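Reader: I am new to this structure and would like a close look at one part of it, namely the contacts made by charged and aromatic side chains. Please take me through them slowly.

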Amino acid sequence: MKRFKNLFLLGFLSCMLMVVGVFTGCSENISDLKFYEYSDYVRVYINNRDAAGDLVIPSTYNNKPVKEMWVTHDGKHTKFLTSVTLPNSIIRVDRDAFYQSTALKSAVWSNSADVSPWAFRDCVSLTDVTIPSGVKKIDFCAFEDCTSLENITIPDSVTEFGSWVFAGCKTLKNITISKNLIKMEGKAFYGCTSLKEITLPNSLTSIGNEAFANCSGLVITYDGTKAEWDAITKGDNAVPSSVTVVCSD
């Protein structure tokens with residue numbers, strides 16, 4: 001029985017290693033970063049609580065691609081950073097990556113990773129964000145309460161907005177929306193009081209609850225007919241009466 005249990009445990013661990021990758025047991029600190037090597041990729045952590053200034057994540061380490069970036073929660077390791085650049089080798093970024101990084105002013109995202117939940121929430125100094133083509137989803141609360149963000153361009157590769165994605169961005173004035181956006185979840189632009197015009201594509205099939213609530217005076221230009229607009233699935237108060245919609249016909 002003991003031998004059976006040992007064999008079972010060994011098999012289970014082997015399966016787990018196949019799923020998550022084989023950790024080589026090698027980690028190293030370099031400046032503000034800590035690297036964990038696996039058999040075919042590297043995971044990087046921000047390792048210095050007082051990391052400040054400009055942070056550039058390398059694309060390789062020991063000739064292996066850096067594919068994942070993990071950080072601790074609540075911006076504990078990022079609150080003094082002023083800019084961050086992620087390489088295109090990154091395919092996964094932990095949620096809360098730069099949450100409450102109150103000094104962060106600019107960010108360049110990877111073209112291989114979706115913008116993760118709460119990625120820049122409460123980054124009150126953030127003014128310049130580059131989201132490259134290749135990103136498919138901007139997840140929930142990604143830019144919530146970024147109260148200095150005035151302009152942002154969403155590439156045409158993006159097909160989905162999570163809920164609360166730009167909620168509370170009170171200074172947001174200009175946003176270029178992906179021409180291939182399909183789904184916009186609830187409260188995506190809730191409380192964007194400075195946003196006065198936005199163009200939505202006719203690829204859009206659903207708009208969630210209160211997506212444009214508290215956006216008084218907003219004019220939506222829809223790249224489709226009135227019939228196509230009416231066919232979009234809309235949640236409760238998705239587009240309130242205080243918002244004007246202009247269709248192509």
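Is Lys183 buried, partly exposed or exposed, and what is its relative accessibility?

Author: Lys183 counts as partly exposed, because its relative accessibility is 35%, a value that, like the others here, is computed from a predicted model. The partner of Lys183 is Glu185, with which Lys183 forms a salt bridge whose closest N and O atoms are 3.6 Å apart. Glu185 is likewise partly exposed, since its relative accessible area is 23% and buried would mean under 20%.

A further salt bridge joins Lys187 to Glu210, and here the closest N and O atoms lie 3.3 Å from each other. This pair links distant parts of the chain, for Lys187 belongs to the loop between β15 (183-184) and β16 (197-200), while Glu210 belongs to the loop between β17 (206-207) and β18 (219-222), 23 residues apart. Lys187 has a relative accessible area of 21% and is therefore partly exposed, and Glu210, at 26%, is partly exposed as well.

The setting of Arg43 and Glu68 is another matter, as both of these residues are buried. Their side chains meet in a salt bridge, with 2.7 Å from N to O. Because Arg43 lies in strand β3 (residues 42-46) and Glu68 in strand β6 (residues 64-70), the pair ties together parts that are 25 residues apart in sequence. Arg43 also has an aromatic neighbour, for its charged end sits over the ring of Trp70, at 3.7 Å from the ring centre. A lysine takes up a position of this kind too: Lys234 lies over the face of Trp229, 4.6 Å from the centre of the ring.

Salt bridges can also join into a network, as they do where Lys137, Asp139 and Glu160 are linked. The count of salt bridges comes to eight.

Turning to the aromatic rings, a search of the whole structure finds 15 aromatic pairs. One of them is formed by Tyr36 and Tyr45, whose ring centres are 5.3 Å apart and whose planes stand at 70 degrees, so that the pair is edge-to-face. Tyr36 counts as partly exposed because its relative accessibility is 23%, and Tyr45, at 22%, is also counted as partly exposed. Elsewhere in the description of the rings there is one aromatic cluster, which is formed by Phe98, Trp109, Phe120, Phe143, Phe161, Phe166, Phe189 and Phe212.

Note on methods:
Residues are numbered from 1 along each chain as its sequence is written. This is a predicted model: local features need pLDDT of at least 70, side-chain atom pairs count only at pLDDT 80 or more; totals for chains, interfaces and linings use all residues. Side-chain values use heavy atoms; hydrogens and water are left out. A salt bridge is a side-chain nitrogen of Lys or Arg within 4 Å of a carboxyl oxygen of Asp or Glu. Helices (H or I, at least four residues) and strands (E, at least two) are DSSP runs, numbered from the N terminus. Buried means under 20% relative accessible area, exposed over 50%, partly exposed in between (1.4 Å probe, protein chains only). Rings of Phe, Tyr and Trp (its six-membered ring) pair if their centres lie within 6.5 Å; planes under 30 degrees apart count as stacked, over 60 as edge-to-face and the rest as tilted. A charge sits over a ring if NZ of Lys or CZ of Arg is within 6 Å of the ring centre and within 35 degrees of the ring normal.
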